[in-house]
Amino acid sequence: MNSFMSDFYQHWPEWWPRLAEAAKMTAKLSSAGFVMALLVGAILVAMIRGGNPVLRFAANFFIQFVRTVPLLALLLALYFALPPLGITLSGFWAGVLGLGLHGAAYVAEILRGGLQSLHRGQREAALSVGLTPNQAFLHVVLPQALRVMLAPLVNTYVALLKDSSLCALIATDELMLVARAMSSEYFLPLHIFLLVGLFYFAIAFPLSMMSRLLEQRLSRGRRVIGAT
Amino acid sequence: MTQIDVFWTILSTLMGGAITAVQIAVGAFVIAVSGGIMLATSITFFHLRVLKLFIASYIEWMRNVPALAHLFVIYFGLATFDIRLSPLVAAILGLGMVGAAVLCDIFAAGFKSLHAGQREAALSVGMTPRQTLLHVLLPQMLRVTWPSLGNYTSQLLKDTSIASAIAAPEIMFFARNLVTSTFETTLIYLTAMLLYASIVLPVSWGFSKAENHMENKR
């Protein structure tokens, strides 16, 4: 155990800058993926709720497709299978696109669920006091729906953060790829992969705790209206 | 070779990987469900601070670190102690241990949702605590958590693809090998996706069928 720890002390000055750099990349990758997931997810929900049956079918089909296909297959397809069709993406952007499309399916479910959780009367009341449909959505429906959506959205970000580790397989310089390179340099795989796990944990765990707190706090004052 | 022949070659190669993928999923499922039930039972019915803390840290570690990191620790890391596992065993162990943590959360919530009277009634008619757990609480808990178990299972089937990173010969592993030998990149990945869909969809369909069946019997 002692020699185990001393290996850490000995190599820490060399390891820290490389892992910190890689962690920045992981953060960038997962954040960009999350932003894209939010945008695409919102578009999907708009397509589902818009009333056009073709668009609704397309959105539902997309969500179903993404949920039955492993993220790794999606990433490898975006990275390797698009260039023959004339579209070449760097590892980073293929990763962002893959994480974004994958996350969008989950975000769409959360947004849809959040909007559905509100009583219909909320919107009707807003319209009846003279708000336009847009105002009713922005000032009445959305703020209330957001509190339902917030905790699951944070969970989605944590999931994307962990999933971003798969981008190591499409040559993105994030934590997992750097860790693999380091483990073959130093021959200390156990040290390095545990340490990298700790890096992920350090970002993911506080967020998971936050989402749990949010869930408790935001549901506290909420009056549940009879289901319709 | 015509395009159809190429497709059949790709499909038959990937099918071999599908068998491995299902083996990994089944093995991990067994570990995850039995581990999850044991952990959830322990934190629900044994009031031991140390035990609860230990299980809670296990769950948080497993759930907040990517599965890929767990697989690397088990496959590459354990070699430090001269424990060398085959990729298949490492994948089953890794995914199973993550699954046990995920299912423990689900099962514990399921136990909590049962009315306390269920347990009291069973004990008052003379059942032992063990019988109460096995014949009264566990079946009801499984029924409550059934949809979540179904979601977990389809997630697990997809996550077997991660095992290709430790060279377990499953679908994505063969797909990547085929790409370097045939260059039919687009066709290969499309076939791989179809193959996953044709495994995941029937399983999740089966779970919801079984759920309807249970609902009807109630």
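**Exercise 1. Describe how helices H1 and H4 of chain B pack in this predicted model.**

*Solution.* Two packed helices are described by the angle between their axes and the distance between the axes. Here an axis is a line fitted to C-alpha atoms, for helices over the stretch in contact, and angles run from 0 to 180 degrees between N-to-C directions. Helices (H or I, at least four residues) and strands (E, at least two) are DSSP runs, numbered from the N terminus.

Step 1: helix H1 (residues 3–45) of chain B packs against helix H4 (residues 87–113) of chain B at an angle of about 40°, and their axes are 6 Å apart. That makes H1(B) oblique to H4(B), given that angles under 35 degrees count as roughly parallel, over 145 as roughly antiparallel, 65 to 115 as roughly perpendicular and the rest as oblique.

Step 2: H1(B) passes H4(B) in a right-handed crossing; a crossing is right-handed if the near helix is turned clockwise from the far one by less than a right angle, and left-handed if anticlockwise.

Step 3: the contact of H1(B) with H4(B) is made up of 20 nonpolar, 8 polar and no charged residues, where Ala, Val, Leu, Ile, Met, Phe, Trp, Tyr, Cys and Pro count as nonpolar, Asp, Glu, Lys and Arg as charged, and the others, Gly among them, as polar.

The model is a prediction, in which local features need pLDDT of at least 70 and side-chain atom pairs count only at pLDDT 80 or more, while totals for chains, interfaces and linings use all residues. Residues are numbered from 1 along each chain as its sequence is written, and chains are lettered from A and ligands numbered from 1 in the order in which they are written.

**Exercise 2. Work out how H1(B) and H7(B) are arranged, and name the residues that meet.**

*Solution.* Step 1: the axes of H1(B) and H7(B) come within 7 Å and cross at roughly 150°. The two helices are therefore roughly antiparallel to each other, and H1(B) passes H7(B) in a right-handed crossing.

Step 1: on the side of H1(B), the residues in contact (C-beta atoms, placed from the backbone, within 7 Å) are B:Ile10, B:Thr13, B:Leu14, B:Gly16, B:Gly17, B:Ala18 and B:Ala21. They meet B:Ile171, B:Phe173, B:Phe174, B:Ala175 and B:Leu178 in H7(B). By class, the contact of H1(B) with H7(B) has 9 nonpolar, 3 polar and no charged residues.

**Exercise 3. Describe helix H7 of chain B: its span, its buried residues and what follows the helix.**

*Solution.* Step 1: H7(B) (residues 171–182) has 12 residues and reaches 16 Å from its first C-alpha to its last, close to the 16 Å expected at 1.5 Å a residue; the expected span is 1.5 Å times one less than the number of residues.

Step 1: a residue is buried if 20 or more other C-beta atoms, placed from the backbone, lie within 10 Å of its own, exposed if 12 or fewer, and partly exposed in between. The buried residues of H7(B) are B:Ile171, B:Met172, B:Phe173, B:Phe174, B:Ala175 and B:Leu178. These pack against helix H3 (71–81) of chain A together with H1 and helix H8 (185–217) of chain B.

Step 2: after H7(B) comes B:Phe183, whose phi is positive, near 65°.

**Exercise 4. Describe the side of chain B that touches chain A.**

*Solution.* Step 1: the contact takes 28 residues from chain B and 28 residues from chain A. In chain B, the elements that give two or more residues are helix H2 (49–64), helix H3 (67–75), H7 and H8. H8(B) gives the most, with 9 residues.

Step 1: the residues on this side of chain B divide into 20 nonpolar, 6 polar and 2 charged.

Key:
Two residues are in contact if their C-beta atoms, placed from the backbone, lie within 7 Å.
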